[in-house]
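These are some notes for a colleague who is about to look through the model. They are set out as numbered points, beginning with a question.

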Amino acid sequence: MKSSSLECDAVVFDFEDSVAPDEKQNAREKLRAFLAGPNRPKCEIAIRINALSSEWGTEDLLAARACEPNAILIPKVEGVQSVSDVERALSEMDAPESIGLWAMMETPRSILNAGAIADHARDPSSRLDCLIVGPNDLAKETRIIPGPNRANLAPLLLQVVLAARAGDMTVLDGVSNNFKDLERFAAECQHGRELGFDGKTLIHPAQIDAANRFFGPTEEEIAEAEAIVAEFAKPENSTRGVISMSGKMVERLHLEIAQDLLSRARLIRERT
Ligand SMILES: CC(C)(COP(=O)(O)OP(=O)(O)OC[C@H]1O[C@@H](n2cnc3c(N)ncnc32)[C@H](O)[C@@H]1OP(=O)(O)O)[C@@H](O)C(=O)NCCC(=O)NCCSC(=O)C[C@H](O)C(=O)O
Ligand SMILES: [Mg+2]
């Protein structure tokens, strides 16, 4: 119920690790009833299933498909097969093409196979369009101690970002468990944005404001982007590949970045 009123871009409903084994069936039934009702959230909806190879996976996928979410989130992806198995199962269920797939990158093999997963996402028949880091499982499986500001995890996080860019996917940073420590959370958002993530997954409503603040374009960035667009729109710059603005070299690639930033800012404005 609460999910319908939150100022977030997407809500992920979980059948996996936050649901106890004895509660799995109850969770599926409750979610189906909720999403069929009047309080279905208007934002994007994703449903995290248990791995298809687990005892709950197939029932989860059937329930998730029936809810017609925007995406199904596959946990503990190991490689391309974890994705293609779900794609095949969805085809056999005649799932609409509108249901995309998101993948949790949270096992050592998911990181080692990130390039192959990106190549798979580029195949036009693939549903995969988003990668999400799972820092809890990653730390558990690798025994890496993340350290201050996750310095020891950063090399792995960057591989997920690289794979997402190579596969033309969205990439979301992992959750921050200390939901009462908003200062630490803000630092983690800043770090995530600097690493190249498009956004952050959250566990608690208290984290939404900071995530929106850090991952949305700032007024300063919008003003700078508008200035770049305006400068290149001048007739004298129409054939120039590079211009100088306030002592800085600005190329057409910066124009593309500015246009992309402005279209994201427009989307955010339209949504609020
Ligand atoms: C972390 C929590 C268990 C904390 O719960 P609690 O102590 O009950 O929080 P509050 O009392 O502060 O709750 C305040 C209000 O907010 C609502 N609330 C809390 N969390 C959520 C939420 N996630 N979505 C919607 N609403 C939420 C409460 O109902 C209160 O409402 P009100 O009464 O109106 O004030 C708890 O936050 C929680 O369970 N969070 C979600 C955990 C989760 O989703 N886990 C799965 C994802 S984590 C993951 O993916 C890890 C990854 O796989 C990895 O390996 O790293
Ligand atoms: Mg996990």
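1. How many nonpolar, polar and charged residues does the shell around ligand 1 have? In this predicted model, the shell is made up of six nonpolar, four polar and five charged residues.

2. Altogether 15 residues surround ligand 1, and the closest are Lys2, Asn136, Asp137, Ile203 and His204. Helix α6 supplies three residues, the largest share of this shell.

3. Polar contacts to oxygen atoms of ligand 1 come from side chains as well as from the backbone: a polar side-chain atom of arginine 48 lies at 2.9 Å, a side-chain N or O atom of histidine 204 at 2.8 Å, and a backbone N or O atom of proline 135 at 3.2 Å. Of the 1,000 Å² of accessible area that ligand 1 has on its own, the protein covers 49%.

4. Because glutamate 106 sits in the loop between β4 (100-105) and α4 (108-112) while aspartate 137 belongs to helix α6 (residues 135-142), the pair ties together parts that are 31 residues apart in sequence. Glutamate 106 is buried, with a relative accessible area of 2%, and aspartate 137 also counts as buried, at 11% relative accessibility.

5. As for annotation, an unreviewed UniProt entry lists residues 5-205 as "domain: HpcH/HpaI aldolase/citrate lyase".

Definitions and conventions. Residues numbered from 1 in each chain as written. Chains lettered and ligands numbered in written order. Predicted model: local features only at pLDDT ≥ 70, side-chain atom pairs only at ≥ 80, totals over all residues. Heavy atoms only, no water. UniProt positions renumbered as here; feature names shortened; annotations may be inferred. Helix = DSSP H or I, 4+ residues; strand = E, 2+ residues; numbered from the N terminus. Buried < 20%, exposed > 50% of the residue type's maximum accessible area, 1.4 Å probe, protein only. Near = heavy atom within 4 Å. Polar contact = N/O pair within 3.5 Å; in protein donor to acceptor, adjacent residues only side chain to side chain. Areas by Shrake-Rupley, 256 points an atom, 1.4 Å probe, with all protein chains shown as cover. Nonpolar A, V, L, I, M, F, W, Y, C, P; charged D, E, K, R; others polar.
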